[in-house]
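Have the viewer ready and follow along.

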Amino acid sequence: VTKKRISGIMLTVMLFALLLSLILFKSFGNVKAEYLDPATDKIERIAFIENLGYKVNRDIPEEKCEIEIPYIFSDIYSEYEKIQQKAGYNLGNYAGQKVNLYTYSIVTEDRYDVYAHLLVADGFIIGGDISALSVEDGYINPLSPK
């Protein structure tokens, strides 16, 4: 076996590995549609929240803004990602992408500072949280059933 033949085999193996990694990245880099809840309109978003066991205050309009998921997570964003993972989401799949953040007021018996935040990309929920905004006894929970 000659050096030229070994070089050719190595080059073929490296090209195959590169091709395989590109295919896998394309296939799994942006897991979407079939595993995520649809949120193309306000009705679907509210239904999602209420299916978790929360009641949306329909007298207060939804708020919407566009945010960008960072490429590199700060310490705070890394902690937020841990909350997302508890609910089965992975914001790393959306690094560098702009997504919509929808906020809904939640009706509770004893608080007026509870909100549902939904992160939506391409019409699907990719993350979010249920949080109380009080400085004294606030909290942030994953999008999991109540």
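Arg-111 is buried, at 16% relative accessible area (buried means under 20%, exposed over 50%, and partly exposed in between, using a 1.4 Å probe and protein chains only). Asp-113 also counts as buried, with 16% relative accessibility. The side chains of these residues, Asp-113 and Arg-111, meet in a salt bridge at 2.8 Å, N to O (that is, a side-chain nitrogen of Lys or Arg within 4 Å of a carboxyl oxygen of Asp or Glu). Asp-137 joins in too: Arg-111, Asp-113 and Asp-137 are linked in a network of salt bridges.

A word on ground rules: this is a predicted model, where local features need pLDDT of at least 70 and side-chain atom pairs count only at pLDDT 80 or more, while totals for chains, interfaces and linings use all residues. Residues are numbered from 1 along each chain as its sequence is written, and side-chain values use heavy atoms, with hydrogens and water left out.

## Other salt bridges

How many salt bridges does the structure hold? It has five. Side chains of opposite charge can pair when their charged atoms come close.

One of them joins Glu-62 to Arg-45, with the closest N and O atoms 3.3 Å apart. Glu-62 sits in the loop between strand S1 (55-56) and strand S2 (63-68), and Arg-45 is in helix H2 (residues 42-51), so this pair ties together parts that are 17 residues apart in sequence. (Helices are DSSP runs of H or I with at least four residues, strands are E runs of at least two, and both are numbered from the N terminus.) Arg-45 is buried at 4% relative accessibility, whereas Glu-62 is partly exposed at 24%.

Glu-50 and Arg-58 form another salt bridge through their side chains, 2.8 Å from N to O. Here Glu-50 is partly exposed, with 28% relative accessible area, and Arg-58 is exposed at 54%.

## Around Ser-131

Now for the serine. Ser-131 lies in strand S5 (residues 124-132) and is buried, with a relative accessible area of 5%. Its side chain makes a polar contact with the side chain of Asp-129, at 3.1 Å (a pair of N or O atoms within 3.5 Å; within protein, one must be able to donate a hydrogen and the other to accept it, and residues adjacent in sequence count only if both atoms are side-chain atoms).

What is Ser-131 in contact with, leaving aside neighbours within four places in sequence? The list is Asp-113, Val-114, Tyr-115, His-117, Tyr-139 and Ile-140, where contact means heavy atoms within 4.5 Å. Asp-113 is the residue that meets Arg-111 in a salt bridge.
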